[in-house]
Amino acid sequence: MYDIAIIGAGIAGSYIARELTRYKLDIVLLDGENDVGNQITMANSAIVHAGFDAPASKLKGKFNAPGNIMYEKVCEDLDVPFKRCGSLVVAHNEYEMATIQELYQNGLKNGVPGLQILFKDEVHAMEPNLNEDICGALYAPTAGIVSPFELCIHAAENAVDNGVTLKMNHMVSDIKNHHGYFEIITNAGNVEAKYVINAAGLFADNIYAMVGEPYFKLLARKGHYFIFDKEAGSLVNSVIFPCPSKKGKGILVAPTVHGNLLIGPDAEPVSYKGDIATTGERLDYIKENALKNCPDLPFNKIIRSYAGLRNTPVRDTYTTTDGDFIIEESPVRGFINVAGYESPGLTSIPAVAHHVVENIVKPMIPHLEENPDYNPKVRKHLRFDEMTEEEKVEIIKEDPKYGKVICRCETITEGEIIDVIHRSAGARSVKAVKKRTRAGMGRCQGGFCSPRVVEILARELNVPLDDVMYDQQDSAYILSGHTKSVKEEA
Amino acid sequence: MIYDVVILGGGPAGLAAAVEAKNGGAENVLILERDRELGGILNQCIHNGFGLHTFNEELTGPEYAERYIQKVKDLNIPYMLDTMVLDMHDNGDLKAIHVINEENGYMIIEAKAVILTMGCRERTSGAIGIPGYRPSGVFTAGTAQRFINMEGFMPGKEVVILGSGDIGLIMARRMTLEGAHVQAVCELMPYSNGLVRNIVQCLDDYDIPLKLSHTITFIHGKDRLEGVTVAKVDEKLKVIPGTEEYIPCDTLLLSVGLIPENEITRNAGVVMDNRTNGAIVGELRQTSMPGVFACGNVVHVHDLVDFVSEEAVLAGKGAAKFIKGELDNEITFTTTNGDGIGYVVPQQVAMKNVEDKVTFYMRVRQVFKDKVVNAYIGDQLIATKKEKKLLPAEMVNFKIAKDILAQYPAGEIRFVVEEAK
Amino acid sequence: MKKEMTCIVCPIGCQMTIEEKADGTYEVTGNTCKRGPKYAINEMTNPTRVIPTTVVIKNAMLPRLPVKTAEPIPKGQIFDAMAVINQVVVEAPIKTGDVVIKDLLGLGIDVVATRTMDKC
């Protein structure tokens, strides 16, 4: 019997799990996927928002700016790439300038530091590649860019290092409330826990419906993105948002923390919560709209397009909080919902996790003792490409596997790949290796390195080559079998 | 140790360049290869058809590679395997090449001359942005080729191929021979991008349909590929509504183009040509950086390895001349692509280095029948090459004798496709 | 019998038609040079192909050895040939040209290795 079961190992579940390890608790983190951070966390804008857009009255407004401020420390502890590059909301006319004024005022209410309204010349001095008709902007120096899946993976790793049990490929099909404890039924065995934190992303409404009368539902909205080659990475220095309108936030252009360029997303309601298919029409829409602010986008430098889902909450009873996070102990005693966790969820998570642990869990569980062994830091990730020449010399001497480059595009060595396979919450698939090391994320998109990565995974996990998966267990196979009809063993 | 010539890449271009540099008088030659053996991509190209021009016989890729590897060994040219070049810096007289491998760790290798022969990579599904899901089961043709021919694994059983590049056609036959069912090869353009010989021997022989003016409009399957939607396109390459057809398959191979791999070249500051995606080179494949040469697919994508070897000989010669101080750097001519021509290599000619002729490689932009390629300097027609058929897939090989070029003091040589007179 | 075919003797790729006459001779049209009819008649009477493929190899750096038929074999027997080739297991070391299968399908044609693979 665990003290707490967390359902969903995305950014919310993984980070809250880590935060909970500050206390002596027996925690299990469950997820139906083959890797942590594999859905919403995997495909979003990767932006640490300054916090000027959400109203102060909402949880989004309450947690965004405080979460943002915590990022340096969090990313240092968890060894995650993060860059405070600032953001601009750009205006093309007087009408949009008025909106920018409103955002500025709202930002002040939310406690966003350093906000400035810039004149035309200042905007263009800062970002020479923007459309010339941009007449002003709201500058938020605290906005940043981060690697969201690395943040999630490292949080999960740190949680496991601090004692959390991680159970991947555990798809929850039902929950029995035994009034005093919950029994979670999964396809890979049942799990018992006194308390449950529901951080199941898009499916948090379905999970809650297993124990209580539904009081919210989650609408899936699909967003398309393009990633450009690093050659285009310096087109903009900061995150460029269009001025928000009634139609929505619009298409942003942003550098990524790894040096690529990202554009997107749109927001298309979809009925199927697995619909991450791109459509030609929507991809064209992204391109057209991104050009409005950034006319020199080199579309021939695109290396990847994809779509991700986000979940917009709709409450049945309290319509005034429509569209806000749902972070509370539910009407079912001992069952906490962290749902409707969309933008700025990534930014808010350090503050939200703190709130969940200190203000929701702690009052629920009397006599919580601090965990004296809690270590907030993950073991340093050795990123060969980012090392100095001297460091490179040293690391290859220590471990020659760092002298063997597997991914040519991103210069990822075998040493790094072996390391992420053997860490806590380690990589079990080609995609999991890609998320952790960037092998396969470069311009050749794994063309050269994927056969080698398959080979390394098979060797390190001691499984046959054709058992190595691209992503999901069993279904995302890469190889269908051997050539030739003879049976061969070594 | 300071080398005379260091060669970045041990594929067909690197091997031939090394041999020629050594034969041309360079004493200390070193080949750096990132893979675990010499031969480059030829090791996975187990089909025949190589060497018809060079050896007058039909060899498979490994056989062709082995002939050059043997020459390298006979000449005692050293090579380092599993060795990755991180960077190259121009320090004036010497180039500093930063490399790593497991055995020797981090090394800085100095060279008087460098020959770039890194080859090319395949365009990916990400680059062409096919709508739909992103499951496993979508491979570039070359990745599938490596899995099947070298590792002995099948990527799948029911196959659709997008793009009629040669590797795609070769893989259609290869997968069929290994028991897979290839349902179709779809080509966006109204003509094939592969050699005629490959269409006949790889598709027609096995009744594999080639669907010209067709593309893939949707990839189905969340985890593993389940099928593709194929549709016909009009002259503007736009999908014609109503022509969509669903083809169930577990494997999609892409053969949609090759891109020279020039990260090191660009980072070093060598001047590039955005038509070829390779360095701007001269008649002996010298680049804008004195002492740095480039040849093979890293300069422009070739369709026959024989021409890669031919070009590598030029670069090897150039590097040997350079270290002996015999390379002239006065540019006499520049070249340019006129109507109908996509690019021309070399982009520059220094006449003093020319022995008897200059071979200009170029590609046409579309299929032409009964036309000629004319070379002009100013208004003066200096040479004509007649071709019954000009195909984008088949590189034009246009030789102009030194005597003809020598009649002009300088200028721009312009190549155009025109009516035969 | 009448058959359409693309000539592969040179890159032009002439679309040829070949027709068998009552007297057993062939008439070829559509060709633009005299090499066309020769190719067409050969394709009609006895089309042959070299088969490049792989066999299983043990104790080598790779699990597959590339091989080919030393001569072209009749087109109609390609899959029969593959069935035989697929059963073969060889041991490293192997040298280019080593015979992997002698007298394939009784055709008098060998299957030979197309690369050298050392033992490891």
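**Exercise 1.** What radius of gyration does chain B have, and what would a compact globule with 421 residues have?

*Solution.* Before we start, keep in mind that this is a predicted model. Step one: the globule rule is 2.2 Å times the number of residues to the power 0.38. Step two: for 421 residues, that puts a compact globule near 22 Å. Step three: chain B has 22 Å, so the two agree. To picture the chain, take its C-alpha trace, which spans about 65 × 60 × 40 Å along the principal axes. Its secondary structure comes to nine helices and 30 strands, and buried residues make up 57% of the chain.

**Exercise 2.** Work out whether chain A is as compact as a globular protein of its length, then see how it is divided up.

*Solution.* Start with the elements: chain A has 13 helices and 23 strands. Its radius of gyration is 23 Å, close to the 23 Å that the rule gives for 490 residues, so chain A is as compact as a globular protein of that length. The C-alpha trace of chain A spans about 70 × 55 × 45 Å along its principal axes, and 56% of its residues are buried.

Next, the domains. Domain 1 is pieced together from 2-41, 149-218 and 315-364, domain 2 from 82-144 and 220-309, while domain 3 is the stretch 384-467. Between the C-alpha centres of domain 2 and domain 3 of chain A there are 32 Å.

Last, the contacts. Take those in chain A between residues at least 6 apart in sequence: 73% of them join residues at least 24 apart.

**Exercise 3.** Which residues touch the most other members of the largest nonpolar core?

*Solution.* This core has 298 residues, and the ones to pick out are A:Ala5, A:Ala156 and B:Val5. Helix 8 of chain B (residues 305-323) gives the largest share of the core, ten residues. Now zoom in on B:Val5 and skip its neighbours within four places in sequence. You'll find it in contact with B:Ala21, B:Ala26, B:Val29, B:Ala111, B:Ala113, B:Ile115, B:Ala319 and B:Ile323. There's also a second, separate core of 18 residues, which includes C:Leu65, C:Ala81, C:Ile85 and C:Val111. As background, nonpolar side chains tend to be buried together in soluble globular proteins.

**Exercise 4.** How many residues does each of chain A and chain B bring to their contact, and which element of chain B gives the largest share of its side?

*Solution.* First, the head count: 40 residues from chain B and 45 residues from chain A. Several elements of chain B give two or more residues to its side, including strand 6 (84-91), strand 8 (105-116) and helix 3 (125-128). Helix 4 of chain B gives the largest share, six residues. Sorted by class, the chain B side has 13 nonpolar, 13 polar and 14 charged residues.

Then look for strand pairing across the two chains. Strand 23 of chain A (residues 481-482) pairs with strand 11 of chain B in the antiparallel sense, over two bridges. Within that strand of chain B, B:Met154 is the bridge partner of A:Gly481.

**Exercise 5.** Which classes of residue make up the side of chain C that touches chain A?

*Solution.* Count first: six residues of chain C are in contact with five residues of chain A. Then sort the chain C side, and you get three nonpolar, three polar and no charged residues.

Methods. Residues numbered from 1 in each chain as written. Chains lettered and ligands numbered in written order. Predicted model: local features only at pLDDT ≥ 70, side-chain atom pairs only at ≥ 80, totals over all residues. Core = buried A, V, L, I, M, F, W, Y, C linked by C-beta atoms within 7 Å. Buried ≥ 20, exposed ≤ 12 C-beta atoms within 10 Å, placed from the backbone. Helix = DSSP H or I, 4+ residues; strand = E, 2+ residues; numbered from the N terminus. Contact = placed C-beta atoms within 7 Å. Domains from an automatic or database assignment. Nonpolar A, V, L, I, M, F, W, Y, C, P; charged D, E, K, R; others polar. Pairing = 2+ DSSP bridges.
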